[in-house]
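Me: I am new to this structure and would like to go through it slowly, one question at a time. Could we begin with how the chains meet and then turn to the pocket and the backbone?

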Protein chains: 2
Amino acid sequence: MSPMSKTPETILVNGLIFADPASPNVVPHGSTVISGAHLAQVNQPLEDDQALTAIDCSHCLIMPGLVNAHTHAAMSLLRGIADDLPLQKWLHDFIFPVEEKHANPEFVYLGTCLSAVEMALAGITTFADGYFHMEQSAAAALDVGLRGVIAQGILDVPSPDAPQAGSWKDRARTFLDRCPKDPLITPALFCHSPYLCSPDTFRKAHEMARERGLLLFSHVSESRGEVEDITRRYGARPLEYLHRAGVLGTHFVAVHAIHLSEGEKDLLEETGTSVVHCPECNMKLASGAAAAWEFVQRGTTVALGTDGAASNNNLDVFEEMRSASLMAKLVTGDPEALPAAAAVRMATVDAAKALGLDDRIGTLEPGKLADLIVVDLDRPHLVPLYDPVSQLVYSARGSDVKHVFVNGRLIVRDGRMTTIDERQLQWRVTEMAGNISKGLGLTNYRDSQK
Amino acid sequence: MSPMSKTPETILVNGLIFADPASPNVVPHGSTVISGAHLAQVNQPLEDDQALTAIDCSHCLIMPGLVNAHTHAAMSLLRGIADDLPLQKWLHDFIFPVEEKHANPEFVYLGTCLSAVEMALAGITTFADGYFHMEQSAAAALDVGLRGVIAQGILDVPSPDAPQAGSWKDRARTFLDRCPKDPLITPALFCHSPYLCSPDTFRKAHEMARERGLLLFSHVSESRGEVEDITRRYGARPLEYLHRAGVLGTHFVAVHAIHLSEGEKDLLEETGTSVVHCPECNMKLASGAAAAWEFVQRGTTVALGTDGAASNNNLDVFEEMRSASLMAKLVTGDPEALPAAAAVRMATVDAAKALGLDDRIGTLEPGKLADLIVVDLDRPHLVPLYDPVSQLVYSARGSDVKHVFVNGRLIVRDGRMTTIDERQLQWRVTEMAGNISKGLGLTNYRDSQK
């Protein structure tokens, strides 16, 4: 770009700014300039003739957008379909049969649009998604305007987009070929778990990921049953099993990591493997409490994730920050465990690092991408303001997010989407859910309430 | 009231209705009539000439208002002043010194107004408050339009409104004399705890309460330290101690009740003593997890409370419902523990019972008081709708509340207070917080951000 070219610029003025959660100083904000996709200046005096669009952020906090480092976005279409059930009953009586019947490309596109809108409105600017028909997830992320790490699901057993057992390699290659080349989209691979992917599958997926410079995700040690199963089958605990398969490392992301031995915690540390901590989902399914606070102390990078809306049942990283902190305090008996500032780091700069995006997002710095949110502090539950970081974690809600920029684009303005018709989306969601309800013999509340 | 007298009537039409959380049937709603302070009809066909004001509740859920059965409302003025600290440091270095200096009548009035507004906007129609200068709390509840169980704090040591040790009796009598006689206000007494009130104080407070037909509250077994302390001093665990003092029973409310022996759980059951469960506060201060699910199974009435905003740090019963359920599942390892419907009961009908108000509020029935909320289900994080009760507990936020009626009065309309100027209130709060900040040498963010 020549110095003479005119790039659209937006100026944010006034309010408070929390530019780098790694050193949690919140300071009065002067002005910040977004030029194209990037931050041109952060909290610097304004040059007179720059402004094209000025946004007044008085009584607001400007901060990096939140990152949801683990979800299955399309599953928002199954939100609340089956709760308060044991995991196996939930999976086998509800989730798997419904997915087998309904999880087609349209389902994935529509469900991911719904989730992307929910996330954007709650201040999430980047999500890491793992599911099927993932070119549809990428398309939805682009249509809503969210940044996505879009990971194609891999299982040894038949799945909705690879109905032949063992055909995952073809499906993954198809996805990688079709995945839109766009600055918002980072393709990746997602092995379901040690119990649904063989060592050979993990090795081959890892090889495919390394060849193309992609991240590889997997659920690991989500339940005690999994640890027993893997130990019985392979004579190794899940992370040991993955280490033997050669997949741990800075390009591997372990989701959940609840039931770990001391040796497995060492493995995380030694290999530089990142962890995604999903406190609300882990509580709701009674899976247990990952020792996220301990991983951080050992130098492991920990991000926060919501998991899918069928198990959580929303996609709100404000809640996950609060729950991560509260859960840590309850489990350790220490009120100083996982303080507010640590929770914010897991939702921003450390999540960016786990996803390999920390050179581009996670803090507000000139030259980084303009992924930022403006949180309205001028609400009864957010006054008085003694400590903005405490307020974010312990008092705020996703609905306090006023404006959201992703890649320099204002996708949420005054709490409404600018990119997609929310009303029309909800109609389509309701229509599809009506069909799913019918198949399960559930009440169709939307039809009945007019 | 004669059949001829004209009482202002409001008609709610359309939407879904969840009239009695004790049997969680959510059904399509026809029309409900509010006449004066009461529900005249609930979900019955509309007679033509009744309507004065019709409110369309399409795509909303109509349900009983939520009850916050434990808070220290004025402490919202100290929200976020000191977090992530051990309890004793939090109390002695921050809360007690600030209260000693600032907790005057104006502080109590202003802080309670702030909390009442926060609560009303999040769908709370009744709160049970325990603090000092409680005629100010009652005045604030009336000005905001909330129903309050207003309990005068009692301590053996000097307190902000009874600076002479032992003068609590005079202060309590003054409160009971001055407390406004209003259908919204139920006066009560609140002994701080077994460690700050002697057996004699408990007996005398109980006698005063019984003479006047009032509830008596106390914090009980909030920490292991308290159990050790009381056992050492009195040779009895806290609930045993209270039983010996003769105060347990249907007019006594035990707040927290975390560290109980089997014998103490029996005492709750045998005496009909109610419990207020405050899951988020208990997690945040690392106090432990009350066995709320077990109390319910044993037939003890359990209500939910937020505790004060200085320790929580917000007053949101939607969050407490979710946290009560998630905490129960985590602690028991059972995903079926404390299901969504049980959490809603604790926040509505059972809370009304604990507060002795179940003949008037807690369910929507003709003849009961019109304390009800209208929750907007037409939002991206609340679609699709397979199970409205799950949606309330696991997906909704306080900010999804659209309209709030208390005693037949519409105090929140379309998410805004109708009774009080929110803006002016926040200015006054910010001004007072500025003075508190100065005294503690904290940053005054509001002055600095303009």
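Reply: A salt bridge is counted here when a side-chain nitrogen of Lys or Arg is within 4 Å of a carboxyl oxygen of Asp or Glu. The model is a predicted one.

Me: How many salt bridges does that rule find across the interface of chain B and chain A?
Reply: A search of the whole structure, over all chains, finds 54 salt bridges. When the rule is applied across the interface of chain B and chain A, the number it finds is 8.

Me: Which residue of chain A forms a salt bridge with Arg322(B), and why does the pair join two chains?
Reply: The closest N and O atoms of the salt bridge that Arg322(B) forms are 2.6 Å apart. Arg322(B) lies in helix α11 of chain B and its partner in helix α11 (residues 317-332) of chain A, so the pair joins two chains. The partner of Arg322(B) is Glu319(A).

Me: What is the distance between the closest N and O atoms in the salt bridge of Arg397(B) with Asp316(A)?
Reply: The cut-off for a salt bridge is 4 Å between a side-chain nitrogen and a carboxyl oxygen. Arg397(B) and Asp316(A) form such a bridge, and their closest N and O atoms are apart by 3.0 Å.

Me: Which element gives the largest share of the side of chain B that touches chain A?
Reply: Between the two chains, 31 residue pairs are in polar contact, with both residues at pLDDT 80 or more. The elements of chain B that give two or more residues to this side include α2 (105-121), α11 (317-332) and α15 (422-440). The largest share, 8 residues, comes from α11(B).

Me: How much area do chain B and chain A bury between them?
Reply: In terms of contacts, 80 residues of chain B meet 79 residues of chain A. On the chain B side, Asp84(B), Tyr386(B) and Tyr445(B) lose the most area to chain A, together 13% of what that side buries. Carbon and sulfur atoms carry 57% of the area buried between the chains, which is about 6500 Å².

Me: How many charged residues are in the lining of the largest pocket?
Reply: The largest pocket has a volume of about 1100 Å³, and among the 40 residues that line it, those closest to its centre include Arg379(A), Asp400(A) and Arg379(B). Elements of both chains, including β17 (401-406) of chain A and β17 (401-406) of chain B, each supply at least two residues of the lining. By class, the lining has 8 nonpolar and 10 polar residues, while the number of charged residues is 22.

Me: In which loop is Pro384(B) found?
Reply: The peptide bond from Val383(B) to Pro384(B) is cis, with omega near -10 degrees. In chain A, the peptide bond from Val383(A) to Pro384(A) is cis, again with omega near -10 degrees. Pro384(B) is found in the loop between β16 (372-376) and α14 of chain B.

Me: What is the phi of Asn407(A)?
Reply: Asn407(A) is found in the loop between β17 and β18 (409-413) of chain A. Its phi is positive although the residue is one other than glycine, and the value is near 55 degrees.

Note on methods. Residues are numbered from 1 along each chain as its sequence is written. Chains are lettered from A and ligands numbered from 1 in the order in which they are written. This is a predicted model: local features need pLDDT of at least 70, side-chain atom pairs count only at pLDDT 80 or more; totals for chains, interfaces and linings use all residues. Side-chain values use heavy atoms; hydrogens and water are left out. Contact means heavy atoms within 4.5 Å. Buried area is the accessible area (1.4 Å probe) that two parts lose on being put together, summed over both. A polar contact is a pair of N or O atoms within 3.5 Å; within protein, one must be able to donate a hydrogen and the other to accept it, and residues adjacent in sequence count only if both atoms are side-chain atoms. Helices (H or I, at least four residues) and strands (E, at least two) are DSSP runs, numbered from the N terminus. On a 1 Å grid over the protein atoms alone, a cavity is a set of points where a 1.4 Å probe fits but cannot get out, and a pocket is an open set with protein on both sides within 12 Å along at least five of seven lines; lining residues have an atom within 4 Å of a point. Grid points are joined across faces, edges and corners, and a volume is the space filled by probe spheres set on the points. Ala, Val, Leu, Ile, Met, Phe, Trp, Tyr, Cys and Pro count as nonpolar, Asp, Glu, Lys and Arg as charged, and the others, Gly among them, as polar.
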